[in-house]
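Open the model in your viewer and keep the selection panel at hand. The stops below go from a sheet to the cores and then to the ligand.

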Amino acid sequence: MHKNLSEILLTREQIEKRIKEIASEITKDYEEKDIFLIGILKGCFVFLSDLVKNVKLDTNIDFMMVSSYEGKQSSGIVRILLDLRQPIEGKDVIVVEDIVDTGLTINYLLKTLKTRKPKSIEVCTLLNKPSCRKVNVTLKYVGFDIPNKFVVGYGLDYNEYYRNLPYIGVLKDEVI
Ligand code: IMP
């Protein structure tokens with residue numbers, strides 16, 4: 001375990017197993033359809049790459065980058081730093097997030113993306129912190145519900161570090 005962590009919340013094996021289950025659900029739910037996955041950078045990149053390898057559908061992948069966090073606190077102000085390269089009109093879209101915390105980021109993104117007239121739009125998130133929600137959002141695919149702790153690894157960062165850890169851990173208080 002990394003020296004700056006107090007505990008490992010989810011092991012690599014647990015995460016990989018759950019991602020395969022979600023990929024099977026998506027494959028079943030969208031049978032015979034093309035899907036359009038929107039990965040929300042940077043946090044999604046490890047999760048998304050594991051997910052797409054296990055989804056057995058014709059899959060178009062694009063990315064957006066948004067910023068709502070500085071360090072550990074949500075600012076509540078969402079900015080689009082990188083937008084899609086393709087239109088999503090008429091597509092079956094799944095937005096792929098690393099974590100939904102207050103819900104402010106995904107709520108804003110869904111509102112924006114719905115104005116582009118996708119045929120359908122759902123959310124798939126690796127982690128969910130239900131106790132932190134400030135706005136109500138519907139999450140169709142959730143990897144794990146986790147407690148209100150600041151976690152890193154598997155794509156999630158603290159000030160841009162720890163994304164490469166192959167598990168999800170809780171940062172020690174003295175590091176934050
Ligand atoms: P929300 O708008 O509060 O739902 O926050 C969503 C974004 O905040 C995520 O995409 C993450 O980038 C970041 N975030 C929220 N909680 C954590 C955490 O525990 N560790 C790392 N990043 C987090």
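Select β8 and β9 (residues 168–171): the two strands pair in the antiparallel sense over two bridges. Helices (H or I, at least four residues) and strands (E, at least two) are DSSP runs numbered from the N terminus, and two strands pair if DSSP finds at least two bridges between them. This is a predicted model, in which local features need pLDDT of at least 70 and side-chain atom pairs count only at pLDDT 80 or more, while totals for chains, interfaces and linings use all residues. Residues are numbered from 1 along each chain as its sequence is written, and side-chain values use heavy atoms, with hydrogens and water left out.

Pick Val-152 next; its bridge partner in β9 is Gly-169.

**The aromatic pair**

Select Phe-150 and Tyr-158: their rings are edge-to-face, 5.8 Å centre to centre, with 80 degrees between the planes. Both Phe-150 and Tyr-158 are buried (under 20% relative accessible area, with a 1.4 Å probe and protein chains only).

**The cores**

A nonpolar core is a set of buried Ala, Val, Leu, Ile, Met, Phe, Trp, Tyr and Cys residues joined through side-chain atoms within 4.5 Å. The largest has 31 residues, and those with the most contacts inside it include Ile-26, Leu-51, Cys-124 and Ile-168. α1 gives the largest share of this core, five residues. Centre on Cys-124: leaving out residues up to four places away in sequence, Cys-124 touches (heavy atoms within 4.5 Å) Ile-22, Phe-47, Ile-94 and Tyr-141, among others. Apart from this core lies another, of 20 residues, among them Phe-36, Ile-40, Ile-88 and Val-137.

**The ligand**

Which residues are closest to the ligand? Of the 16 that surround it (a heavy atom within 4 Å), the closest are Asp-101, Thr-102, Thr-105, Lys-129 and Val-151. Finish with the polar contacts (N or O atoms within 3.5 Å). A polar side-chain atom of Thr-105 is 2.5 Å from a ligand oxygen atom; for Lys-129 the distance is 2.8 Å. In Glu-97, a side-chain N or O atom lies 3.1 Å from an oxygen atom of the ligand.

Methods. Rings of Phe, Tyr and Trp (its six-membered ring) pair if their centres lie within 6.5 Å; planes under 30 degrees apart count as stacked, over 60 as edge-to-face and the rest as tilted. Buried means under 20% relative accessible area, exposed over 50%, partly exposed in between (1.4 Å probe, protein chains only). A polar contact is a pair of N or O atoms within 3.5 Å; within protein, one must be able to donate a hydrogen and the other to accept it, and residues adjacent in sequence count only if both atoms are side-chain atoms.
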